[in-house]
Amino acid sequence: MIELRSLSVLFDGAHAVRNVSLTVENGEWVVLIGPNGAGKTSVLRALCGLLPFEGEVLLDGRNARELRRRELARIAAFVPQTPETPPELTVGEYVLLGRTPYIGYLASEGHADRVAASRALDRLELGSFAERRLGSLSGGELQRAVLARALAQEAPILLLDEPTTALDLGRQQRVLELVAELRADGLTVVTTMHDLTLAGQYADRLVLLDRGSVVAEGAPEDVLSVANLASYYGASVRVVEDEDGIFVLPLRR
Amino acid sequence: MAVDSVRTRTDPRVRARGVPRPWRFIAGAFLAGSLLVGLGVGPVGIGAGGIVESALSHVPFLHVHSPLSSVQEAILWQIRAPRVVLGALVGGMLAIAGSAYQGVFRNPLADPYLLGVAAGAGLGATLAIAFGHVHGSQELVPVAAFAGATLAVVCAYALGRSAGAARTTGALVLAGVTVAAFMTALQTFVQQQRTDTLRDVYTWLLGGFATAGWGDVAVATPYIVVSSLVLILHRRVLDVLSLGDDEAASLGVDVRRVRLLLVAAATAGTAAAVSVSGLIGFVGIIVPHTIRLLVSTSYRAVVPLSLVVGAGFLVLTDVLARTALSPSELPIGVVTAFFGAPFFAVVLRTSRSMR
């Protein structure tokens, strides 16, 4: 479970995030949406200790401020929007780096770490890719390798910043389906997402941020209203709802 | 997939590559061969067998008799051996420090002189040579070079941090450039003021092992051993750093502290190496990159192999420096670049076609 209590993040003297309070239940998938610069990424980065913050962050009931870096890394795995993927590393080596929080500072991987990394590879159907170099993978395969690395971290909380950027529509769906499947293992997921239709399709709950504050929160059909999208995105849209979910369609003005 | 997962349970296919076994042997043989060549080649040639037997005769309880004459013994152990050992230590240190700098700064062009070690050492040595004569002490040069090198990096680090290098390495590199430029200016000024010592200063700056003795080895060894050990122990952490600061931090690595520790270790070792050998360029870049191209880009291979291959490389280079125009010596920095650059060009070309 994740609990944010009046989380604020200062960036160059200005508030990137202001007084955000939010609870994410175990096994829930919450998607942070909002226009550019709304503070979505800052919330994620503060959650995993990459940004200094005011207020409180509780991860599985433990105060994030009091956790050591390695402990935090065992609770929350973070994947940035454009992860570094050194092209010469093999997929196996790369995924194994996800075991870092479990390996003594100057030690190297043991059998258990290799088993965990293999399991993460299999989970993302990359079992036959272990020896391939990252540089030889396609965009979708690379994204799966990145997820496998985060999965090898065996953290109960998965934080993904824009996991679908730079992927085509089919691959976006496949990545999100994978994330949805991983939740079956009990993962709590928080992602940021630009595509509102995809966000609405996959999220249990949406949190709409604008200029660092939460302006709407709840089920997709409550948050993705024409009025909300007009006032916070400055967008003119049609919102369609049917038995398959909710769809946000941009309109020419 | 079913077959895959069954196999996974018994033996995970995911493994970290360290130094591949054949390369351990190749690197070890290269170093051993280089040492034998370094000890054997010179105005008085000594065969490999003679060197090995002579070495064994110094081991107690083995009762091996040296086949060498006492003159050969003296040449071998008092003149060549300290020179070869010092060359190996310095070469290994420069190469391993280069590999660590490239990892810490995630910049393939980083070398151990990046943060001003060379300029600082140059200033220290120039001051000692220019003003040390008054007290008639040449012992001062290594100490002054070491102090100057360390001071330069401390200044660069402090300046870089105050400019926000805690988050980006870019500010740190710029601070290094700034400090180096300032210290080079001071060094040039002092050098021009004391033209009588110009030749000595110039000779030192070009680097070399002509005056190497066991005393130099004793001075440099502790720093180089500790520094290399720290860097080798961090080879996995360097791989994690290659994911970038954010991801390394989200994997539980204290990036700022690790960077400071690695820079400090590499600097102490490099400063010690420079203080006994002068400025020898190119080794810190060419050796790690040759290993990346031929063996692996993982720091688990690059860091330890740099130490071994760098040691052998500089010993061989020194042999060329002292024999090519014998009896006069070439500055070793000239040789490292003259032979190193074409060699590296060949490696660069062939490895491209290999991949």
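**Briefing on a predicted two-chain model**

Of the 253 residues of chain A, 45% count as buried. The structure is a predicted model, and it scores ipTM 0.90 and pTM 0.89. Chain A has nine helices and 12 strands, whereas chain B has 15 helices and zero strands. The two chains touch through 32 residues from chain A and 27 residues from chain B.

**Chain A as a whole**

- A compact globule of 253 residues would have a radius of gyration near 18 Å, and chain A agrees with this because its own value is 18 Å.
- Taken along the principal axes, the box filled by the C-alpha atoms of chain A is roughly 55 × 40 × 30 Å.
- Among the contacts in chain A with a separation of 6 or more, 65% are between residues 24 or more positions apart.

**The contact between the chains**

- Chain A brings 32 residues to the contact and chain B brings 27 residues.
- On the side of chain A that touches chain B, at least two residues each come from helix 2 (69-75), helix 3 (91-96) and helix 4 (111-123) of chain A.
- Helix 4 of chain A gives the largest share of that side, with seven residues.
- Sorted by class, the side of chain A that touches chain B consists of 16 nonpolar, six polar and 10 charged residues.

**Chain B as a whole**

- For 355 residues, a compact globule would have a radius of gyration near 20 Å; chain B has 22 Å, which agrees.
- The C-alpha trace of chain B spans about 70 × 55 × 40 Å along its principal axes.
- In chain B, residues 24 or more positions apart make up 75% of the contacts with a separation of 6 or more.

**Confidence in chain B**

- Chain B has a mean pLDDT of 86, and 92% of its residues reach 70 or more.
- Over residues 1-9 of chain B, pLDDT stays under 50, and the model has 11 contacts beyond four places in sequence for this stretch.

**A helix pair in chain B**

- Two packed helices are described by the angle between their axes and the distance between the axes.
- In chain B, helix 4 (residues 70-104) packs with helix 14 (residues 299-323) at an angle of about 145°, and their axes are 7 Å apart.
- The crossing of helix 4 of chain B past helix 14 of chain B is right-handed.
- The contact of these two helices of chain B has 17 nonpolar, eight polar and two charged residues.

- Arg322(B) belongs to helix 14 of chain B.
- Arg322(B) is buried because 24 other C-beta atoms lie within 10 Å, the cut-off for this class being 20 or more.
- Arg322(B) and Val347(B) are 25 residues apart along the chain, and their C-alpha atoms are separated by 26 Å.
- Ala337(B) is part of helix 15 (residues 332-354) of chain B.
- Ala337(B) has 17 C-beta neighbours inside 10 Å and therefore counts as partly exposed.
- Not counting residues up to four places away in sequence, Ala337(B) touches Gly281(B) and Phe282(B).
- Ala337(B) and Phe282(B) are 55 residues apart in sequence, yet the distance from C-alpha to C-alpha is 6.3 Å.

Technical notes:
Residues are numbered from 1 along each chain as its sequence is written. Chains are lettered from A and ligands numbered from 1 in the order in which they are written. This is a predicted model: local features need pLDDT of at least 70, side-chain atom pairs count only at pLDDT 80 or more; totals for chains, interfaces and linings use all residues. Helices (H or I, at least four residues) and strands (E, at least two) are DSSP runs, numbered from the N terminus. The radius of gyration is taken over C-alpha atoms; the globule rule is 2.2 Å times the number of residues to the power 0.38. A residue is buried if 20 or more other C-beta atoms lie within 10 Å of its own, exposed if 12 or fewer, and partly exposed in between; C-beta atoms are placed from the backbone. Two residues are in contact if their C-beta atoms, placed from the backbone, lie within 7 Å. Ala, Val, Leu, Ile, Met, Phe, Trp, Tyr, Cys and Pro count as nonpolar, Asp, Glu, Lys and Arg as charged, and the others, Gly among them, as polar. Axes are lines fitted to C-alpha atoms, for helices over the stretch in contact, and angles run from 0 to 180 degrees between N-to-C directions. A crossing is left-handed if the near helix is turned anticlockwise from the far one by less than a right angle, and right-handed if clockwise. pLDDT is the predictor's confidence in each residue, from 0 to 100.
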